[in-house]
Amino acid sequence: MSEENTGTPGKKSKKKYFFLVPLAFLLMLGGWYALARIAPQQVATPVAVVKQTTDNIYYAVKEDDLKKAAEKLPPHVNILVTGLDSRLGSNDNHADAIHLFTIFPDNGKIEITSVPRDTKCFIDSTFPDSLSHFSNARSKLGRKGYIHTAEVFLNKGKIDYWIDMNFSTVMGFLQLIGYKDPATALQFLRHRKSFPLGDVQRSHNQAVFMRDAIVKYFNLMNGMSGDFLLTAGLGMIETNLTKDVCQGLLYKLKQHGFPGNGDAIALNMDPPVYNKFVDIGMTPDNVEETTTRLMEKTYQVGYSGKPDPVAILETRIAKAMRDSNKSFMVIQDLQAVADQHGWLQVTDLQQRDTLCGHIASLLCTAYTRSHKPEKAAALQTCIENERKLFRNRGEIFSGKVAGRDSATSIPTH
């Protein structure tokens with residue numbers, strides 16, 4: 001048999017397509033430059049042109065796999081998203097935000113059911129009734145017991161997947177989508193004291209924010225950019241979701257017209273609330289003014305709620321350096337902040353990279369000496385993907401997707 005006829009045709013075809021991606025990029029960029037000189041008003045940006053081209057190649061290679069992933073999905077998928085009230089370097093796991101995403105891929109619909117953190121639930125017979133609420137269920141029962149409690153309470157079937165996010169990862173995502181001061185944006189999402197409905201209004205605000213972000217950025221999650229965003233994003237959070245499941249859901253939702261004009265996402269509250277919510281839209285442009293106004297109503301004008309992440313990380317790093325000859329101590333010093341991706345609270349990318357580099361160097365050395373090379377490799381891969389994501393966020397979140405504005409209009413409710 002000749003050398004040309006050996007191997008798997010499908011694999012050779014995929015290699016050929018991926019070889020064409022950088023060539024297509026250069027050709028399209030050159031074509032855009034030439035056309036822009038002739039008719040600058042009629043030509044899309046190079047980001048939009050290249051995305052469209054690379055997406056076409058991506059789907060030529062991956063569409064069969066995406067279809068197979070979509071075909072495996074059940075009629076509806078439940079994903080429990082929990083925001084953990086975990087300060088930098090702390091292992092505290094109180095549930096600060098609880099939202100169940102029920103996705104109907106065949107209908108192109110999503111329901112977000114929000115549970116205020118102080119909602120009563122059963123923890124165990126010895127636990128005080130006054131403290132038996134969802135916030136404590138997560139810390140007292142652990143993830144498995146907490147998920148079971150949510151299944152019983154919500155009565156929406158088995159919870160298939162879970163996502164846990166802490167303050168650091170939330171701030172990282174906020175910075176990615178344009179918030180220059182993610183600590184203030186997080187402060188808004190956690191605020192409740194000045195609202196008549198208190199924690200219930202806060203849960204609603206969080207759901208509105210997530211709905212708007214999904215609608216605005218859904219198109220970015222498809223194609224070549226979506227592949228990279230999923231890889232990097234899944235590495236930033238704790239979850240049992242796989243990339244294949246996410247891609248299957250995204251593919252099927254897109255095939256059924258999601259997100260439309262924003263009406264494909266329904267917001268529910270459990271227990272139901274019959275008072276009228278106040279809709280407060282938060283954007284990168286108004287977050288400082290909006291948050292300050294809310295804080296003034298609670299007579300906390302001087303309260304910032306923003307600990308210095310640089311100081312905390314530097315203290316941890318200094319201790320780990322003193323303990324560097326004892327691997328188990330280095331792991332004890334740094335593993336909590338590494339698991340939290342604590343460096344994401346540092347908004348200056350150069351400073352973040354420096355601190356992250358020190359943490360990675362010390363921790364990876366300790367992992368290797370402790371015969372845990374897989375943990376060192378996983379940490380290094382995750383950090384590298386994060387760096388690429390943040391260094392290229394301007395291009396990825398440019399607002400142009402396949403030649404049109406990705407910021408789909410959302411009706412005000």
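**A walk through the fold**

His371 is exposed, with a relative accessible area of 71%. Exposed means over 50% relative accessible area, buried means under 20%, and partly exposed lies in between (1.4 Å probe, protein chains only). This is a predicted model, so local features need pLDDT of at least 70, side-chain atom pairs count only at pLDDT 80 or more, and totals for chains, interfaces and linings use all residues. Residues are numbered from 1 along each chain as its sequence is written, and side-chain values use heavy atoms, with hydrogens and water left out.

Stay with His371 for a moment. His371 is found in the loop between helix H12 (349–369) and helix H13 (373–391). Its phi is near 60 degrees, a positive value in a residue other than glycine. Most residues other than glycine have a negative phi, and most peptide bonds are trans. Asn155 also has a positive phi, about 55 degrees, and is not a glycine. Look for Asn155 in the loop between helix H3 (134–154) and strand E4 (161–165). Asn155 has 66% relative accessibility, so it counts as exposed.

Now for the peptide bonds. The bond that joins Phe258 and Pro259 is cis, with omega about 5 degrees. Pro259 sits in the loop between helix H8 (243–255) and strand E6 (265–269). Follow the chain past E6. The loop between E6 and helix H9 (287–297) holds Pro271. From Asp270 to Pro271 the peptide bond is cis, with omega near 5 degrees.

Step back to the whole chain. It has 14 helices and 8 strands. These are DSSP runs numbered from the N terminus: helices are H or I with at least four residues, strands are E with at least two. Of the 413 residues, 47% count as buried. Residues 24 or more positions apart account for 70% of them.

Which helix is largely enclosed by the rest of the structure? It is H5, residues 182–190, because 8 of its 9 residues are buried. Those buried residues are Pro182, Ala183, Thr184, Ala185, Leu186, Gln187, Phe188 and Leu189.

Next, a helix pair. H10 (residues 309–322) and H11 (residues 327–339) pack at about 160 degrees, with axes 9 Å apart. That makes H10 roughly antiparallel to H11. Here axes are lines fitted to C-alpha atoms, for helices over the stretch in contact, and angles run from 0 to 180 degrees between N-to-C directions. Roughly antiparallel means over 145 degrees; under 35 is roughly parallel, 65 to 115 roughly perpendicular, and the rest oblique. The crossing of H10 and H11 is left-handed (the near helix is turned anticlockwise from the far one by less than a right angle; clockwise would be right-handed).

H10 makes the contact with Leu313, Arg316, Ile317, Lys319 and Ala320, while H11 brings Met329, Val330, Asp333, Leu334, Ala336 and Val337. These residues divide into 8 nonpolar, no polar and 3 charged. Nonpolar covers Ala, Val, Leu, Ile, Met, Phe, Trp, Tyr, Cys and Pro; charged covers Asp, Glu, Lys and Arg; the others, Gly among them, are polar.

How many disulfides does the structure hold? The count is 0, where a disulfide is a pair of cysteine sulfur atoms within 2.5 Å. For Cys356, the nearest cysteine sulfur is that of Cys382, 8.5 Å away. Cys356 is buried, with a relative accessible area of 3%. Cys121 is buried too, at 12%.

Definitions and conventions
Contact means heavy atoms within 4.5 Å.
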